[in-house]
Amino acid sequence: MSWKTYDVVIIGAGIVGSACAAECANEGLTVAIVEAGIIGGGATAAGMGHLTVMDDSEAQFALTRYSQQLWDQMSDALPREVEHDACGTIWVAVDDEEMAEVRRKEKFFAERGVKTEILDAQSLAEAEPNLRPGLAGGLRVPGDSVIYPPCAAQYFVNQSRKKGAKLFLGAPVDKIESSGVRLHDGITISAGLVVNSAGSSSPSLTHGLEVKKRKGHLVITDRYPNFVRHQLVELGYLKSAHSMTAESVAFNVQPRQTGQLLIGSSRQFGVDDSHVDNAIVTRMLERAVEYLPNLGKLSSLRAWTGFRAATPDKLPLIGPHAEHERLYLATGHEGLGITTSLATAKLLVDQIVNRESAIPVTPYLPARMARGAVHV
Ligand SMILES: Cc1cc2nc3c(=O)[nH]c(=O)nc-3n(C[C@H](O)[C@H](O)[C@H](O)COP(=O)(O)OP(=O)(O)OC[C@H]3O[C@@H](n4cnc5c(N)ncnc54)[C@H](O)[C@@H]3O)c2cc1C
């Protein structure tokens, strides 16, 4: 049995798939969205929702910056439940070595038009009184913000449906075929193009994809309004995010509009089960208490896990598959998929309609993997 033919079938209604669906529908393409579970229930529900400009590489900067601008342009249209909050980020430095990194970041961002502010020890303490005394300072990035990602995914799906997109929920795709997708129940959905945006499950549908699961833990507390005011991240976070070792934790705390605190985060390769590992949570909380001693007095409500989709070069795969021209990829966003979802959708649709993009697409093209990048 087969449904009507669509221009595009999007696999996965996480933040990436749903943003791609909205952009495709906006472009006038006919769209089917096929989701195995619920909207935004994968890594999108597990993530922190920190929309942050990053400077690991020029390509990462370009994508995060472009996407952040798209989020800001959309801010007024976002429904209240998306909780877009321009709280800014402070990258916290513990010593002189990390202050040198603060200055390097400040210079990098200044040269590219991103406003930041170097905080000395005293201004850091004034900005965030719950941080422990004796820290060296930090870098405030006022343009960073946070959202509640599952509601953003829901909003993008709603926008797509208003433009005629068809949603198939609870409908796992078993196989991507040359003319569309085959669902687990045997139904096929025909489409001119298929977009694999199934997050960390994308390699199970497209064999040979260089995407690995990277497990993360988060904890949420009860309500403590103004305990912190910015998203606070240790500069050592970069070492942890870069590390390809099996396991790492880093201090990363986010204030929610509800007054709750999201406490992260951990990174683990080679772990496939989703259970909460108490040893990891304990390490994560101990790290957070090193920075925020009073955090130890607060009550936490829940801990959970999610899987980032990691590529060897830490950039997502956006564009046509190197060998199957009717298959597009929008996956591999690791720890930045909430931030970069909107830019991903723009770059994807630009390639579908053969239009130049606002930023160069080459660094994100899946074809680069065929040139030999491998996981360390
Ligand atoms: C602990 C943690 C913290 C994070 N913090 C941040 C942050 O602060 N900022 C940020 O930018 N990013 C963050 N991230 C990363 C971010 O959450 C992800 O990059 C992003 O959610 C990826 O979205 P996605 O749509 O690609 O994947 P997902 O949200 O996983 O969506 C994929 C969807 O595909 C569906 N699917 C899978 N297989 C099939 C199939 N066969 N058929 C149909 N549907 C299928 C799944 O059900 C799922 O809904 C964090 C991640 C973690 C784990």
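How far is an oxygen atom of the ligand from an N or O atom in the side chain of Glu-35? The distance is 2.5 Å. Before going further, a word on the basis: this is a predicted model, in which local features need pLDDT of at least 70, side-chain atom pairs count only at pLDDT 80 or more, and totals for chains, interfaces and linings use all residues. Residues are numbered from 1 along each chain as its sequence is written, and side-chain values use heavy atoms, with hydrogens and water left out.

**Around the ligand**

Thr-44 also places a side-chain N or O atom 2.5 Å from a ligand oxygen, while His-50 brings a backbone N or O atom to 2.9 Å from a ligand nitrogen. Taken alone the ligand exposes 1000 Å², and the protein buries 91% of that (areas by the Shrake-Rupley method with a 1.4 Å probe). Elements giving two or more residues to the shell include α1, β2 (31-35) and α10 (337-352); helices (H or I, at least four residues) and strands (E, at least two) are DSSP runs numbered from the N terminus.

**Helix α1**

Let us turn to α1, which covers residues 15-26. Because 11 of the 12 residues are buried, α1 is largely enclosed by the rest of the structure. Here buried means under 20% relative accessible area, exposed over 50%, and partly exposed in between (1.4 Å probe, protein chains only). After the helix comes Gly-28, with a positive phi near 95°.

**Salt bridges**

The whole structure holds 19 salt bridges, each a side-chain nitrogen of Lys or Arg within 4 Å of a carboxyl oxygen of Asp or Glu.

| Pair | Closest N and O atoms |
|---|---|
| Glu-23 and Lys-346 | 3.2 Å |
| Arg-140 and Glu-117 | 3.0 Å |
| Arg-287 and Glu-290 | 2.8 Å |

Glu-23 lies in helix α1 and Lys-346 in helix α10, so their pair ties together parts that are 323 residues apart in sequence. Glu-23 counts as buried at 15% relative accessibility, whereas Lys-346 is partly exposed at 27%. Arg-287 and Glu-290, by contrast, both sit in helix α9 (residues 278-291), three residues apart, about one turn of the helix. Finally, salt bridges that share partners join Asp-55, Glu-101, Arg-104 and Lys-105 into one network.

Note on methods: The expected span of a helix is 1.5 Å times one less than its number of residues. A polar contact is a pair of N or O atoms within 3.5 Å; within protein, one must be able to donate a hydrogen and the other to accept it, and residues adjacent in sequence count only if both atoms are side-chain atoms.
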